[in-house]
Amino acid sequence: MVNPYPRSNRVKELIHFEVSEMLQREVKDPRLQGMVTIVEVEVTKDLRKAKIFVSVYGATDTRQKAMEGLNRAKGFIRHELWKRLDMKRVPEIEFVLDERVDHALKIERLLRERS
């Protein structure tokens, strides 16, 4: 089946790449250093909103602090996206903690314990 929204796919790939680069090289918040990985980006069809799913390595309090750091850097990140993506309107971004990796690791650990 042909994807009916190829532009939104390109935009989400660009957002994924650019935000990953910013988190590695430009965002200086110590709460984010080496702990945050972008798992997935979802963009609405009209390109007005983007959900950025992140995985954070560490305990619950570390995750909470990292999410605070991401939300604090949201304005900087969106402004940088505007400069880099050369779009009239950059999507509003929302960071969402993705716990799928943790859930998968927990299931794997439980399965190993039963063997």
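Me: Let's say a contact means heavy atoms within 4.5 Å. Leaving out residues up to four places away in sequence, which residues does serine 55 touch?

Reply: Quick heads-up: this is a predicted model, where local features need pLDDT of at least 70 and side-chain atom pairs count only at pLDDT 80 or more, while totals for chains, interfaces and linings use all residues. Residues are numbered from 1 along each chain as its sequence is written, and side-chain values use heavy atoms, with hydrogens and water left out. With neighbours up to four places away set aside, serine 55 touches Met35, Val36, Thr37, Val39, Asp98 and Val101.

Me: And where does serine 55 sit?

Reply: Helices (H or I, at least four residues) and strands (E, at least two) are DSSP runs here, numbered from the N terminus. By that naming, the stretch 49-56 holds serine 55, and it is strand β2.

Me: Now aspartate 29: which side chain does it join in a polar contact?

Reply: Aspartate 29 lies in the loop between α1 (6-25) and β1 (36-43). A polar contact is a pair of N or O atoms within 3.5 Å; within protein, one must be able to donate a hydrogen and the other to accept it, and residues adjacent in sequence count only if both atoms are side-chain atoms. At 2.6 Å, the side-chain partner of aspartate 29 is arginine 31.

Me: How far apart in space are aspartate 29 and glycine 69, C-alpha to C-alpha?

Reply: Aspartate 29 is buried, because its relative accessibility is 15%. Along the sequence, 40 residues separate aspartate 29 from glycine 69, yet their C-alpha atoms are apart by 6.5 Å.

Me: Which strands stand at the edges of the sheet?

Reply: Two strands pair if DSSP finds at least two bridges between them. Here 3 strands make an open, mixed sheet in the order β1-β2-β3. Each edge strand has a single partner, so one side of it is left without a neighbour in the sheet; the two are β1 and β3 (92-97).

Me: In what sense do β2 and β3 pair?

Reply: Strands of a sheet pair through backbone hydrogen bonds, in one of two senses. Lysine 51 stands opposite glutamate 94 in β3, and alanine 50 stands opposite isoleucine 93 in β3. Over 6 bridges, the sense for β2 and β3 is parallel.

Terms used. Buried means under 20% relative accessible area, exposed over 50%, partly exposed in between (1.4 Å probe, protein chains only).
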